[in-house]
Amino acid sequence: MKKEKETSKTEKNSNQKTELLRSLKFLLFSVSAGLIQIGTFTLLNELLHLEYWLSYLIALVLSVIWNFTLNRRYTFKSANNVPIAMLKVAAYYAVFTPLSTWLEHVLTGLGWNEYLVTFLNMALNFVTEFLYQRFFVFRDSIDTNELAEKEKEAEKQ
């Protein structure tokens, strides 16, 4: 009985460590996607003088593709069907994008700084997208790709 409790506690600690590492990877990849988003937004908004909403939308799409690709492979290590996973992410953005674009329009219309509003939306996106991907998009396929399989094999040795 005591050995079962110790094993259970060890597994729980291992799971917590795995999820913490997964969260940190998601954070780092999201930061890189954020850099792509803000860089693209700055280029389109400041240099090309595109409409604010168009600059935001193009920058968001580029960062989403980057973030999805890296997180699917390295954070969630998912071997699920890419088109289905991407459709699920597209569904998230079908809701998030209009709401965040509306929020950007309203707040910048009230005089808020465009970059402050963009960073606010990026923070909202980070939290909600992690939860959505972790518990909906990749829920049943976490740690199923070849990278995860290699790691499992290495642990056995």
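## A pair within helix α5

Glutamate 153 and lysine 156 sit 3 residues apart in helix α5, which puts about one helical turn between them. Helices here are DSSP runs of H or I with at least four residues, numbered from the N terminus. Glutamate 153 forms a salt bridge with lysine 156, and their closest N and O atoms are 3.8 Å apart. A salt bridge requires a side-chain nitrogen of Lys or Arg within 4 Å of a carboxyl oxygen of Asp or Glu.

Lysine 156 is exposed at 67% relative accessible area. Glutamate 153 is partly exposed at 44%. The classes are buried under 20%, exposed over 50% and partly exposed in between, using a 1.4 Å probe and protein chains only.

## Basis of the model

This is a predicted model, in which local features need pLDDT of at least 70, side-chain atom pairs count only at pLDDT 80 or more, and totals for chains, interfaces and linings use all residues. Residues are numbered from 1 along each chain as its sequence is written, and side-chain values use heavy atoms, with hydrogens and water left out.

## Other salt bridges

The structure holds 8 salt bridges. One of them joins the side chains of arginine 22 and aspartate 143, at 3.2 Å from N to O. Arginine 22 lies in helix α1 (residues 2–47) and aspartate 143 in the loop between α4 and α5 (146–156), so this pair ties together parts that are 121 residues apart in sequence. Arginine 22 is buried, at 4% relative accessible area. Aspartate 143 is partly exposed, at 22%. Both residues belong to a network of salt bridges that links Glu19, Arg22, Arg134 and Asp143.

Arginine 139 pairs with aspartate 140 in another salt bridge, with 3.3 Å between the closest N and O atoms. Arginine 139 is partly exposed at 46% relative accessibility. Aspartate 140 is exposed at 65%.

## Packing of α2 and α4

Helix α2 (residues 52–75) packs with helix α4 (residues 114–137) at an angle of about 35°, their axes 12 Å apart. Axes are lines fitted to C-alpha atoms, for helices over the stretch in contact, and angles run from 0 to 180 degrees between N-to-C directions.

From α2, Tyr52, Tyr56, Asn67 and Asn71 meet Glu114, Thr118, Asn121, Glu129 and Gln133 of α4. Contact means heavy atoms within 4.5 Å. The contact residues divide into 2 nonpolar, 5 polar and 2 charged. Nonpolar covers Ala, Val, Leu, Ile, Met, Phe, Trp, Tyr, Cys and Pro; charged covers Asp, Glu, Lys and Arg; the others, Gly among them, are polar.

Conventions: Helix = DSSP H or I, 4+ residues; strand = E, 2+ residues; numbered from the N terminus.
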